[in-house]
Amino acid sequence: MAKLAINGGDKAVNRNMGREWPIRDENEEKALIEVIKSARWWGGGEGSKVWEFEDAFAKYQDAKYGVTTNSGTQALICALKAAGVEPCDEVLVPSLSFFASATCVLFINAIPVFVDVDPNTYGPSAESMEAVITERTKAAVIVHNGGYPANMDAIVEVSRKHDLPIIEDCAHAHASEWRGTRVGAIGHLGAFSLMAGKSLAGGEGGIILTNHPELREKLYAYMDLGRWVERPDKSIRLPSTSNFRMPEWTAAVLLTQLSKLDEQVEIRERNFTYLAEGLKDIDGIEPFERDPRVTRWSIYYWNFKYIQEKFDGIPRDKFLAAIGAEGVPASVGAHGRPIYQNPLFQSMTDGKTWPVKCPDHYIDYTKTHCPEAERIFKTEAICISHRYFLGDISDMDLIIDAVKKVRANTDELR
Ligand SMILES: Cc1ncc(COP(=O)(O)O)c(C=O)c1O
């Protein structure tokens, strides 16, 4: 009789794990009602929730200034513009990330250049960045994949050497820290998504952090229809932007969510550390070896490595299907397929396709290959979403038991 659930055996996990996300209580309700009753629904000005959240989150992430937007994608767009990226400039972007890490560049009619990943972090590799820098390269977007910080020592060194502005895409990494400084405050600019699924959830929303007053001014202008930052002087200086302003109730909810973040980060870290301990001795399963410079590891999803040759030759996707049938909520890690393999990029082969129209310069993305990213996507990366690490530690035991069960019955998967 079959033992594995994928073949009709009993499931290893027979109950819900983790917590429903976002976690909310009467504080979010109170915060929203307070804004509604105040009649102050627009998010600017002294005493506004938007300004309070900008200041609170910037402080939380060790940055001097925060400028909110309505989405993480808008935050990236404002950051690129503030960094001085012009049409037809090149911007380095990670090959493994959510596609907005690259399409934000297209939005301002600049050219994304994909860089391969560091297999120790799944974020962009500094060597790979350096290999594709040209005189056209005007900025680099760095993602902290799943919340695990990219190697910021090596990346900052490349930035200094080439005078290259760094935009950290911190959509997965609220509260994560590299050598004692929170992400988003290490590069020149740090863009965060605050949409409902993120580990700081505001429904929709974004924020950009910086330590540089001149960048803050530009961010503010790009966020608010070209008006200049000096609260309350708002003369218009920029012709080509839009209204990216965050509404007041989003900020009110975000302030209550922010007060819960530290506790959630600690619960998740306790749970994934326990899970890593339980999985690391199973042949073919390799949790990340934590770099001691990662002084705080806050996750959006927890990536780990699957090594087919050490798991009796069973392909990663077959393993994923087997643990999925056992009730383990795992999926392909590192944000899946390399972005350049998306049909949008694959069809941009002649420099004429919207929005990149730079007649003297374009990239044929059908020729882009990042071998590490492709290997990691196809065979190695697995992840589990952050909400599954917010429950009891016994949830981790269920996952460990399920993986051990599949490991012990690989003959059923051949
Ligand atoms: C890495 C990354 N960057 C940017 C974004 C875009 O954020 P938003 O959906 O808030 O526009 C996301 C959202 O999922 C993301 O995961």
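User: What is the handedness of the crossing of H3 and H7?

Analyst: This is a predicted model, and in it H3 and H7 cross in a right-handed manner.

User: At what angle do H3 and H7 pack, and how far apart are their axes?

Analyst: Two packed helices are described by the angle between their axes together with the distance between those axes. Here H3 (72-82) and H7 (residues 213-223) pack at about 130 degrees, with the axes 9 Å apart. The two helices are therefore oblique to each other, since an angle has to be over 145 degrees to count as roughly antiparallel.

User: Which residues make the contact of H3 with H7, and how do they divide by class?

Analyst: On the H3 side the contact is made by Cys 78, Lys 81 and Ala 82, and on the H7 side by Leu 215, Lys 218, Leu 219, Tyr 222 and Met 223. By class, the contact has 6 nonpolar residues, no polar ones and 2 charged ones.

User: How should I read the pair formed by H1 and H8, and at what angle do their axes cross?

Analyst: The axes of H1 (residues 26-38) and H8 come within 9 Å and cross at roughly 150 degrees, which means that H1 is roughly antiparallel to H8. The crossing of H1 and H8 is right-handed. H1 contributes Asn 27, Glu 28, Ala 31, Leu 32, Glu 34 and Val 35 to the contact, while H8 contributes Glu 248, Trp 249, Ala 252, Val 253, Leu 255 and Thr 256. These residues divide into 7 nonpolar, 2 polar and 3 charged.

User: Which way does H8 run relative to H12, parallel or antiparallel?

Analyst: H8 (residues 248-279) and H12 (residues 393-408) pack at an angle of about 25 degrees, with their axes 9 Å apart, so H8 is roughly parallel to H12. H8 passes H12 in a right-handed crossing. The contact involves Asn 271, Tyr 274, Leu 275, Gly 278 and Leu 279 of H8, together with Ile 393, Met 396, Ile 399, Ile 400 and Val 403 of H12. By class these residues are 8 nonpolar and 2 polar, with no charged residue.

User: Which backbone features deserve a careful reading, and what kind of peptide bond joins Trp 21 and Pro 22?

Analyst: Most residues other than glycine have a negative phi, and most peptide bonds are trans. Trp 21 and Pro 22, however, are joined by a cis peptide bond with omega about 0 degrees, and Pro 22 lies in the segment before H1. Cys 88 has a phi near 75 degrees, a positive value in a residue other than glycine, and it sits in the loop between H3 and strand S2 (90-94).

Notes:
Residues numbered from 1 in each chain as written. Predicted model: local features only at pLDDT ≥ 70, side-chain atom pairs only at ≥ 80, totals over all residues. Axes fitted to C-alpha atoms, helices over the stretch in contact; angles between N-to-C directions. Helix = DSSP H or I, 4+ residues; strand = E, 2+ residues; numbered from the N terminus. Parallel < 35°, antiparallel > 145°, perpendicular 65-115°, else oblique. Left-handed = near helix turned anticlockwise from the far one by under 90°. Contact = placed C-beta atoms within 7 Å. Nonpolar A, V, L, I, M, F, W, Y, C, P; charged D, E, K, R; others polar.
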